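User: I would like to learn how to read the features of a protein model, one at a time. Please give the general idea where there is one, and then the case at hand.

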Amino acid sequence: MRVLAVRTVLPEHRYDQRQITEAVVRTVRADRRLVERLHSATQVSGRNLALPIEDYDRLTDFTAANDTYIATGLDLAERAVRDALDGAGVEPGEVDHLVFCSSTGVATPSLDAALAQRAGLREDVRRLPVFGLGCAAGAAGLSRVHDYLRAWPEQVAVLVCAELCSLTVQRDDASMANLVGSGLFGDGAAAVVAAGDRRSARVRRPDGPGRGPRVVATASRLYPDTSRLMGWNVGEHGLRIRLAADLVDHVKATLADDVAAFLREHGLSPGEIASWVCHPGGPKVIETIAEAFGLDGGELDLTWESLRRAGNLSSVSVLNVLEETIARRPQPPGAPGVLMALGPGFSAEMLLLRW
């Protein structure tokens with residue numbers, strides 16, 4: 001399949017990290033010096049939030065937070081889909097398949113049902129809502145779109161990720177995980193328009209800037225007995241983050257070998273990869289990726305930039321990095337690339353790209 005367009009949309013309410021730190025200290029009643037240290041360590045300069053920062057005080061229970069997730073998440077997702085379709089030159093009625101990924105709220109019917117109608121998709125569009133893959137969902141969703149378009153190479157598919165992480169911050173939780181999360185994660189949505197190989201061959205897209213890569217192979221890795229590393233504790237409080245201190249140790253121990261094995265299956269080595277589209281999980285994760293593959297020449301600059309500008313947007317982030325890579329770091333036709341993200345499970349998702 002070929003990526004035709006990627007678009008990211010952020011909420012209008014933007015605050016620098018210092019303003020968010022002040023709000024967390026006040027709301028969670030945590031030690032100021034600890035919160036300032038943790039928030040500073042994320043290297044995030046500011047974030048866009050689902051609500052004006054003063055309105056978070058009224059989110060007194062999970063119902064209020066989830067109602068905001070449904071309303072705001074749907075608005076952001078619709079804007080992302082419309083922007084991506086415009087960028088791809090595809091009409092809403094041409095979309096055959098819709099994959100929707102999110103882990104920061106719940107709804108039945110899932111948001112993709114309302115999204116399909118608001119965006120003007122056909123009544124017979126095939127929908128696949130995906131919950132619970134967290135930060136890995138942007139990569140996993142793109143893999144599932146690739147699977148579908150291999151079977152239906154004449155068709156068009158859209159992947160949408162929408163995450164409102166700020167709505168999950170717990171007001172009564174001064175744990176390290178909650179405080180780190182309150183300083184790291186942001187809100188946003190992204191959409192990818194992709195076409196099967198037969199369809200994309202008829203799409204006139206120039207080489208160079210604006211030309212998206214093909215996805216030629218994908219791989220998933222699920223690590224046994226690691227669910228404690230990342231996820232939600234779900235209860236009457238809503239979605240309380242679970243984030244283990246030794247998560248980065250696991251990444252160091254496994255990621256390099258798994259990515260190298262994936263590339264070997266396709267006759268490649270990490271040194272031959274022209275572009276690295278990596279999820280900005282946090283400074284230590286990015287540093288671990290750079291060390292594992294010897295990326296010291298600016299290969300991860302766009303990943304760092306996404307983290308600093310918007311925070312970790314969960315499933316949205318790797319798609320934001322892909323959008324920026326297409327726009328600012330195009331490669332010669334045929335050059336290989338890797339897109340990857342890590343998430344709950346604990347799990348890794350890897351895609352091999354060709355420009």
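User: In which loop is F346 found?

Analyst: This is a predicted model. F346 is found in the loop that runs between β12 (336-343) and β13 (347-354).

User: What is the geometry of the peptide bond from G345 to F346?

Analyst: The omega angle is the quantity to read here. For the bond from G345 to F346, omega is near -15°, and the bond is cis.

User: Which residues does the cis peptide bond with omega of about 5° join?

Analyst: That cis bond joins T108 and P109. P109 has its place in the loop between β4 (97-102) and α4 (111-118).

User: What is phi of D225, and is D225 buried or exposed?

Analyst: D225, also a residue other than glycine, has a positive phi near 60°. Its loop is the one between β8 (214-222) and β9 (230-235). The relative accessible area of D225 is 78%, so D225 is classed as exposed; the cut-off for that class is over 50%.

User: Is R240 buried or exposed, and why?

Analyst: R240 is buried because its relative accessible area is 18%, and the buried class is under 20%. R240 belongs to strand β10 (residues 238-243).

User: Which residues does R240 touch, leaving aside those up to four places away in sequence?

Analyst: R240 touches Q170, D172, D173, G231, W232 and N233. With D173 there is a polar contact of 3.3 Å between the side chains. Q170 shows how sequence separation and distance in space can be read together: R240 and Q170 are 70 residues apart in sequence, and their C-alpha atoms are 6.6 Å apart.

User: Let us move to the domains. Which domains does the assignment give, and what distance separates their centres?

Analyst: The domain assignment gives domain 1 (2-201) and domain 2 (214-354). Their centres, taken over C-alpha atoms, are separated by 17 Å.

User: How many residues of each domain are in contact, and what area do the domains bury between them?

Analyst: The size of an interface is often expressed as the accessible area lost when the parts come together. Here domain 1 and domain 2 bury about 3800 Å² between them, with 62% of that area on carbon and sulfur atoms. In terms of residues, 54 of domain 1 are in contact with 44 of domain 2.

User: How many salt bridges and residue pairs in polar contact are counted between domain 1 and domain 2?

Analyst: The count is 3 salt bridges and 15 residue pairs in polar contact, both residues being at pLDDT 80 or more.

User: Which elements give two or more residues to the side of domain 1 that touches domain 2, and which gives the most?

Analyst: The elements are β1 (2-9), β3 (46-49), α5 (137-151), β6 (156-164), α6 (176-184) and β7 (187-195). Of these, α5 gives the most, with 9 residues. By class, this side of domain 1 has 25 nonpolar, 18 polar and 11 charged residues.

User: With which residue does D197 form a salt bridge?

Analyst: D197 pairs with R214, and the closest N and O atoms of that salt bridge are 3.1 Å apart.

Terms used
Residues numbered from 1 in each chain as written. Heavy atoms only, no water. Domains from an automatic or database assignment. Contact = heavy atoms within 4.5 Å. Buried area = accessible area lost by both parts, 1.4 Å probe. Salt bridge = Lys/Arg side-chain N within 4 Å of Asp/Glu carboxyl O. Polar contact = N/O pair within 3.5 Å; in protein donor to acceptor, adjacent residues only side chain to side chain. Helix = DSSP H or I, 4+ residues; strand = E, 2+ residues; numbered from the N terminus. Nonpolar A, V, L, I, M, F, W, Y, C, P; charged D, E, K, R; others polar. Buried < 20%, exposed > 50% of the residue type's maximum accessible area, 1.4 Å probe, protein only.
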